[in-house]
Amino acid sequence: MNGEDTGEGPRDGAGTGERLRCLVTGATGYIGGRLVPELLEAGHRVRCLARSPGKLRDHPWAADAEVVRGDVTDADSVAEAMRDVDVAYYLVHALGSGRDFEDTDRRAARVFGEQAKAAGVRRIVYLGGLTPTGVPEEELSPHLRSRAEVGRILLDSGVPTTVLRAAVIIGSGSASFEMLRYLTERLPVMITPSWVRTRIQPIAVRDVLRILVGSARMPADVNRAFDIGGPDVLTYRDMMLRYAAVAGLPRRVILPVPVLTPRLSSHWIGLVTPVPASIARPLTESLRHEVVCHEHDITRYVPDPPGRPIGFDDAVRLALQRVRDAQVTTRWSSASVPGAPSDPLPTDPDWAGGSLYTDRRELTVDAPPEALWRVVEGIGGDNGWYSFPLAWALRGWLDRLVGGVGLRRGRRDAQHLRVGDSLDFWRVEEIEPGRLLRLRAEMRLPGLAWLEMRATTDADGRTRYCQRALFHPHGLLGHAYWWSISPFHAVVFGGMARNIAQAAARTAPLIRTGDDAVAR
């Protein structure tokens, strides 16, 4: 059954309005987090499988979808998630997950296919990568080769499967778009690797989501891969020049040279853009070969509406408008960083019998709690960290040098946070609006670290700011790390607490003025 369908177009109820139960894996990631509301809008019921369901708690659609805990490599949890499911979306990848990622991808795909068949799932939909025609598989990048293998495993699972193969996805917050955006905006003159001359067929994220939703209703006899792409075939150089034109930037000077390997260019991208080298490398490796669609058969089952697919310039224009309007619903960093700690903050001070170092700061704030909370929730990104900017910048650069995410991931939204958001080299572990913000460190550390900020009132009704930095060391190196940086805590954490309190006091009159205007 691998590879071909026997039909000529939609039939067997493919266009009916039947309400389907859809399982979405990867809902904490870039595509999955956007697919869920699209499926709900289409009238389907949605169940999300997530290792950390709490990360989905604050999404606008969370109350309308079922969320279950599980992992795609765990057969029992996948079996439970597959119960009564009609369509199962496979949107997880081990991007940048170390040397064993191909084994992880292979094992997860087999578990998913086997459990889908056992549960009687009617269709699997998988979003993979567009592979070049005529290139031996052993010459593909490891990640692109793994995507192709996952597609084959799912096609051979015995469950009718739709494999969608896309190249570069253009949308606000995607890793490919952020890489393109920052390279073009920050470098008016670029010495670039030779892969900037490779032809690519990008696709707008809106078209990817439209095709994913439409694939749920494919006829039962369709079991094959489809190439999906936009109407433009461009080199990466063309994409940078056209991005500059759409963004209103002066024309860029681009000088390709043959000496920059994918490994070297990934480190270069890591220095210039927020995308770390560990994620940039598989992206650049996939650009060594031409990735252009060789068929557009998907339209037989998911027809293009008027004005679709969206062209490259319009996709860039839409993405930039989303960025400017602060309406980026998911980002490439929405998914957990491979290798980053995922342990929640221990509630027991003697957690696991180990050490838990704490730096605690408390201040009375001359501002109402809501003014203090506005400053707390707005921390990071362009607003910075309210103390010794050079120290924060240096820590971010050091993290980049050892393969970490660094300080430049910024924020999804300039004013509001939700559980699971990335915030520079932190991730939001818990948020209680108006009261508590807890961040978990994702920088490279010899241990686990958290930063907790609270807005409270004391018995006399005064606003109090409470700040805790916590560190659980791993081994002797972890203890040495804490004690080596502890002399700087007064400057970094002490200054941070004082400056947050002062910023809240400056913000307070603005909040009172706004309240008075509303009252009038």
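Predicted model: local features only at pLDDT ≥ 70, side-chain atom pairs only at ≥ 80, totals over all residues.
Residues are numbered from 1 along each chain as its sequence is written, and side-chain values use heavy atoms, with hydrogens and water left out. Helices (H or I, at least four residues) and strands (E, at least two) are DSSP runs numbered from the N terminus.

**Helix packing**

- The axes of helix 5 (residues 175-186) and helix 7 come within 9 Å and cross at roughly 70°, axes being lines fitted to C-alpha atoms, for helices over the stretch in contact, with angles from 0 to 180 degrees between N-to-C directions.
- That angle makes helix 5 roughly perpendicular to helix 7 (65 to 115 degrees; under 35 is roughly parallel, over 145 roughly antiparallel and the rest oblique).
- Their contact (heavy atoms within 4.5 Å) includes Phe 177 and Leu 180 of helix 5 and Met 239 and Tyr 243 of helix 7.
- Helix 7 (residues 236-247) also packs against helix 10 (residues 312-324), at an angle of about 55° and with the axes 10 Å apart, which makes helix 7 oblique to helix 10.
- The crossing of helix 7 and helix 10 is right-handed, and among the residues that meet there are Met 239 and Tyr 243 in helix 7 and Phe 312 and Leu 320 in helix 10.

**Helix 3 and its surroundings**

- Helix 3 (residues 101-118) has 18 residues and reaches 26 Å from its first C-alpha to its last, close to the 26 Å expected at 1.5 Å a residue, a span taken as 1.5 Å times one less than the number of residues.
- Its buried residues (under 20% relative accessible area; exposed is over 50% and partly exposed in between, with a 1.4 Å probe and protein chains only) include Phe 101, Val 111 and Phe 112.
- Strand 1 (21-25) and helix 4 (142-155) are among the elements that cover the buried residues of helix 3.

**Backbone features in loops**

- A cis peptide bond with omega of about -5° joins Arg 308 and Pro 309, and Pro 309 lies in the loop between helix 9 (277-285) and helix 10.
- Asp 424, in the loop between strand 15 (422-423) and strand 16 (426-432), has a positive phi near 55° and counts as buried at 2% relative accessibility.

Technical notes
Left-handed = near helix turned anticlockwise from the far one by under 90°.
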